[in-house]
Structures are given as C-alpha cells and as structure tokens.
Amino acid sequence: MGERQGALEKLVARMRILITGNMGYVGPVLVRHLRGQFADASLIGYDAGFFAHCLAAAPTLPETLLDRQVFGDVRALPADLLDGVDAVVHLAAISNDPMSRQFEAVTGAINFRASVAIAEAAQRAGVRSFVFASSCSVYGASERSARRETDEVQPLTAYARSKIDTERFLERMHPGGMTLTCLRFATACGMSPRLRLDLVLNDFVASALATGRIDVLSDGTPWRPLIDVRDMARAIEWAILRKRENGGPFLSVNVGAGNYQIAALADTVAGTIPGTTISINAAAAPDGRSYQVDFSLFKSLAPAYVPRVPLSESIANLREGLSEMDFRDANFRESQNVRLKVLEAHLAARRLTSDLRWTASSY
C-alpha cells in the first residue's frame with residue numbers, strides 16, 4: 001500500500017497541466033501556486049495575450065514559472081496541445097458583465113462554444129481532469145436564503161448565461177474517464193501580478209488609496225459573495241486532483257469565503273485606510289445582482305481546501321501591492337487595470353477586430 005501511494009504521489013507531482021487564459025487575473029496566481037505544490041509538473045499556458053502587458057508590481061514575468069507558453073485563440077486551440085495532458089484548467093473567458101454586454105456575441109463564442117469544444121477535445125485526448133472556472137453569478141438575484149447548487153439559477157447577463165450553458169453541456173457529456181469539475185467561484189478579490197480593479201473589493205481599495213473616498217453606486221444593500229484569488233488557486237488544485245468518487249464524474253460546486261453587503265465592504269475598507277470617506281447613492285435603482293451563496297458542499301467535499309484568506313488580509317495585500325506600484329491614479333477606471341478599457345484600446349488602435357481576433361497590423 002505504501003509503495004502504491006508513493007507511486008501515485010510521484011505521478012501527481014509530474015502531471016502535465018494545460019491552463020487556458022493563464023495571462024489574466026487568476027492565471028499568474030494559479031501558476032505560482034501550482035509550481036509551489038508540484039515542482040516537477042509540466043505547466044503549459046495558452047492565452048491570446050490581450051492582457052499580457054497589464055502587469056502590476058510584478059518583479060518578474062509570471063510566465064517564467066511555466067514550462068511552455070503558447071499564444072492562441074481558444075476558438076482554435078490546437079488539438080496536439082492536449083497530447084499527454086493530464087488536466088485542463090479552463091480559465092479563458094470574456095470575464096465580466098460590462099465586457100459581455102459590449103461583446104455579447106463574442107461572449108457566446110468564447111465562453112460557451114469554445115469551452116465545450118475544448119472539453120470535447122480533452123475527452124478525446126484522454127485528459128483525466130477538466131476544471132471549468134464557472135461563476136456564482138449564475139444565481140443572478142435572490143431575496144431568499146443563500147443559494148445552493150440544486151437551487152434554480154437566474155442568469156441576468158450574457159456572461160452568467162455563458163457559464164451556466166457551459167455547465168449544462170458538460171453535465172450532458174459522456175466524459176469517458178475524464179472527471180469534470182465546475183467551480184462556481186464567488187467574486188474574486190486580492191492582489192495579482194495582473195491586477196484587475198473592475199472587481200468590487202479591489203475597486204474600493206484602489207479608490208480609497210487614490211482619492212480618499214469610496215463611491216458606492218448602489219444603495220449599498222446588495223449582497224456579493226467573495227473569494228481571494230489565492231483561495232481560488234487552492235480550489236483549482238483540489239479540482240485537478242479530485243477523484244470521481246468524491247462528488248461524481250460531473251460536479252458543479254460553489255466556492256467562496258463569505259457573503260457581504262456592498263455597504264459593509266465599503267465600511268471595512270474605509271476602516272482599514274484612515275481618512276477614507278464613503279458616499280452611498282441612496283437614490284439608486286435596485287441592483288438586480290444581489291444574492292448570497294451557500295458554500296457548505298465544497299466544505300464537505302474539500303475540507304482541506306476551504307478558503308482561508310480573511311477579508312482583512314485581502315485588503316492588506318491589495319494595499320501593499322498598490323503601494324509598491326506607487327498607485328495614485330484617481331482615474332484608474334479608465335486604465336489598463338480595467339479589462340474593458342484594454343479591449344477598447346486594442347480596438348481603437350485596430351489591433352483587434354470587432355470579434356476580438358488579432359489583426360495583421362497588430363504583429
């Protein structure tokens with residue numbers, strides 16, 4: 001038994017893992033985590049490179065921790081890239097509601113159709129584990145109790161619809177020996193070498209540091225589930241290693257640290273950064289995206305991987321990282337730290353076509 005366990009550990013340590021969308025917000029943190037956990041694993045990144053230049057307080061290029069970086073469009077992932085791959089972590093997506101509103105057709109093509117095509121190709125290639133980065137946004141709005149995985153979903157945006165459509169397709173697949181895991185992540189937060197400031201907590205910290213105030217555009221009552229990006233990486237590690245008997249061949253599971261009202265988040269950030277004032281739009285129209293999420297299933301399946309980064313630590317790490325950048329940009333919502341603005345800049349310079357493909361003039 002001991003020899004068999006030792007052989008298994010060696011096999012796991014030398015896994016070949018393909019990560020799509022690795023040059024986004026989550027990817028660099030995930031790669032660093034996986035390299036720390038599996039020093040001998042072969043890590044391959046596949047990314048279009050839209051946000052490759054959006055580095056924040058990164059002393060080295062995050063991709064130096066990879067064995068190989070491949071540039072390409074997930075709508076045309078080369079089949080031979082899956083040869084010998086043990087696990088696929090599919091992060092690549094049009095990643096939030098503002099982008100999906102502006103690029104609704106592209107969101108369907110990238111987030112849904114490309115996702116299922118990659119999953120099917122992975123199954124044909126004999127990949128053992130397919131991990132899909134889904135979202136708690138599929139719940140949309142709920143005035144009732146915290147949403148469980150078996151509850152009705154109410155996707156309100158093209159982004160949320162693309163996530164649940166992909167989940168439903170994967171659930172209907174005949175995966176053969178492949179284990180399918182859909183991680184319904186809470187809203188991400190925390191520091192990353194490719195920082196995003198179009199996420200609620202990150203926005204509040206950046207605004208407090210740059211302007212001394214936090215402007216809450218809603219009335220502050222909507223609920224959001226949160227998870228630090230480092231805890232996302234740990235959950236992905238669990239999903240890569242997950243055995244079929246722990247949750248079944250297909251699994252959708254909520255992953256997050258806790259639920260917070262927007263006003264309470266603003267208060268917490270202001271209490272951490274002295275001198276910060278808060279403005280709440282009491283007259284705002286109701287925000288339909290308000291929901292709480294139940295994370296008990298993940299806790300029962302993955303007790304060693306439950307989120308452990310407290311909100312205070314996420315805020316402290318953001319503050320430290322932004323300070324290292326000498327961050328003072330009061331107009332940061334127009335900067336490269338907001339993903340929609342990066343795509344708009346590429347389009348304006350004609351580096352991208354309207355369906356988000358690199359043009360010949362971009363080379």
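Trainee: Which side chain meets that of aspartate 215 in a salt bridge?

Mentor: This is a predicted model, in which local features need pLDDT of at least 70, side-chain atom pairs count only at pLDDT 80 or more, and totals for chains, interfaces and linings use all residues. Residues are numbered from 1 along each chain as its sequence is written, and side-chain values use heavy atoms, with hydrogens and water left out. A salt bridge here is a side-chain nitrogen of Lys or Arg within 4 Å of a carboxyl oxygen of Asp or Glu. At 2.6 Å from N to O, the partner of aspartate 215 is arginine 213.

Trainee: Is aspartate 215 buried, exposed or partly exposed?

Mentor: Buried stands for under 20% relative accessible area, exposed for over 50%, and partly exposed for what lies in between, with a 1.4 Å probe and protein chains only. Arginine 213 has a relative accessible area of 34% and is therefore partly exposed. Aspartate 215 has 30% relative accessibility, so it counts as partly exposed.

Trainee: How many residues apart in sequence are the parts that glutamate 63 and arginine 194 tie together?

Mentor: Glutamate 63 and arginine 194 form a salt bridge whose closest N and O atoms are 2.8 Å apart, and both residues are buried. Helices (H or I, at least four residues) and strands (E, at least two) are DSSP runs, numbered from the N terminus. Because glutamate 63 lies in the loop between β2 (42–47) and β3 (68–71), and arginine 194 in the loop between β7 (187–189) and α6 (200–211), the parts tied together are apart in sequence by 131 residues.

Trainee: Which helix holds both arginine 234 and aspartate 231?

Mentor: Arginine 234 forms a salt bridge with aspartate 231, with the closest N and O atoms 3.3 Å apart, and both of these residues are buried. They are three residues apart, and so separated by about one helical turn, in helix α7 (residues 229–241).

Trainee: How many salt bridges does the structure hold?

Mentor: Some of the residues are linked in a network of salt bridges, namely Asp73, Arg75, Asp355 and Arg357. For the structure, the number of salt bridges is 18.

Trainee: At roughly what angle do the axes of helix α8 and helix α10 cross?

Mentor: Axes are lines fitted to C-alpha atoms, for helices over the stretch in contact, and angles run from 0 to 180 degrees between N-to-C directions. The axes of α8 (residues 262–272) and α10 (residues 311–324) come within 11 Å, and they cross at roughly 55°.
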